[in-house]
Amino acid sequence: MKIVFMGTPQPAVPSLKRLLEDGHQIAAVWTQPDRPAGRGRKLKAPPVKEFGSAHGLPVFQPEKIKTRESISLFQSHQADVAVVVAYGRILTKPYLTAFPNGAINVHFSLLPKYRGAAPVNWAIVNGETETGVTTMKMDRGLDTGDILLQAETKIADDETAVQLMDRLSMIGAGLLSDTISNIENLTPVAQNDENATYAPLMTKEDGLISWELTAGEINNRVRGFQPFPRTFSKFRSQKLAIWRAKVIEDLAIKFDKPGEVLVSNGDDLLVGCGRNTVLKIIELQIEGKRRMKARDFINGVRPEVGERLG
């Protein structure tokens with residue numbers, strides 16, 4: 001099948017790779033323009049561009065896609081279908097109807113749950129125990145198109161958003177392969193809008209910890225808000241990011257206020273949270289410093305029992 005692939009970040013690469021392995025003709029790869037990155041703010045190519053260029057595929061990076069020139073360019077590819085995986089732009093009707101089989105999207109949730117830009121992060125933050133991938137026929141709504149195929153997977157108790165996204169990107173590549181191979185025989189199923197939930201882009205403020213939340217809720221945020229915005233608090237007027245943590249069950253320690261340091265010894269940095277729950281901080285980072293284990297933080301900073309975070 002002749003395909004135009006539209007995607008930008010690393011999680012889109014396995015899908016493009018799988019389409020090539022399946023023998024499809026990639027007429028064009030559309031991706032976001034190069035953006036400044038790193039401390040030097042040098043232009044960096046998106047992972048999809050790097051992969052496409054390395055495999056000799058024609059790559060296009062229009063700054064604007066609603067112009068006549070961009071639409072005409074897209075239509076000129078004369079493909080059978082467009083495949084969209086985390087492209088990062090909202091497609092208008094001329095794109096959705098340019099090819100006989102329209103546009104197929106790989107979305108990293110079990111639609112209609114978690115429509116939007118950050119389904120993997122919010123699934124973890126909200127304490128979901130399972131998620132998955134959906135392929136759908138795109139329409140003009142926000143992830144509202146008819147479902148083609150779905151694949152489910154469990155979310156591990158200690159899995160971060162980065163780790164889960166890596167797994168889902170591989171699951172999605174396989175699901176896309178099945179979808180394209182059987183496109184003529186699949187019956188699209190309309191989504192039930194009443195069951196829809198939304199997963200908007202995170203803001204920096206989302207990462208600020210409220211110690212009134214339970215240890216489980218905070219730990220879900222630690223896992224889900226990676227790599228951005230991360231979960232963070234204040235300690236001795238310094239920003240403190242938490243990278244890894246664990247809920248401690250059945251620990252009989254009394255404390256007065258959430259955010260209080262309960263234990264600070266060896267590898268154990270325990271903090272009281274809402275509803276008399278306890279969080280063990282395993283890995284953390286003081287602003288301007290490297291990530292470190294709790295033991296190194298305890299030995300260097302020497303937090304005292306009774307001090308408070310936040």
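1. Start with Lys49, which forms a salt bridge with Asp34. The closest N and O atoms are 3.1 Å apart. Asp34 counts as partly exposed, because its relative accessibility is 25%. Keep in mind that this is a predicted model.

2. Next, take Asp193 and Arg115. They form a salt bridge, and the closest N and O atoms are 2.7 Å apart. Asp193 lies in the loop between helix H6 (161-181) and helix H7 (215-224). Arg115 lies in the loop between strand S7 (103-107) and helix H5 (119-125). The pair therefore ties together parts that are 78 residues apart in sequence. Arg115 is buried, with a relative accessible area of 2%.

3. Lys17 and Glu21 also form a salt bridge, with the closest N and O atoms 2.5 Å apart. Both belong to helix H1 (residues 13-21). They are four residues apart, so about one helical turn separates them. Lys17 is partly exposed, at 40% relative accessibility. The count for the model comes to 12 salt bridges.

4. Finally, look at Thr153 in strand S9 (residues 147-154). Is Thr153 buried or exposed? Thr153 counts as buried, because its relative accessibility is 13% and the cut-off for buried is under 20%. Its side chain makes a polar contact with the side chain of Arg167, at 2.8 Å. Leaving aside residues up to four places away in sequence, Thr153 touches Glu130, Thr131, Gly132, Arg167, Leu168 and Ile171.

Conventions
Residues are numbered from 1 along each chain as its sequence is written. This is a predicted model: local features need pLDDT of at least 70, side-chain atom pairs count only at pLDDT 80 or more; totals for chains, interfaces and linings use all residues. Side-chain values use heavy atoms; hydrogens and water are left out. Helices (H or I, at least four residues) and strands (E, at least two) are DSSP runs, numbered from the N terminus. Buried means under 20% relative accessible area, exposed over 50%, partly exposed in between (1.4 Å probe, protein chains only). A polar contact is a pair of N or O atoms within 3.5 Å; within protein, one must be able to donate a hydrogen and the other to accept it, and residues adjacent in sequence count only if both atoms are side-chain atoms. Contact means heavy atoms within 4.5 Å. A salt bridge is a side-chain nitrogen of Lys or Arg within 4 Å of a carboxyl oxygen of Asp or Glu.
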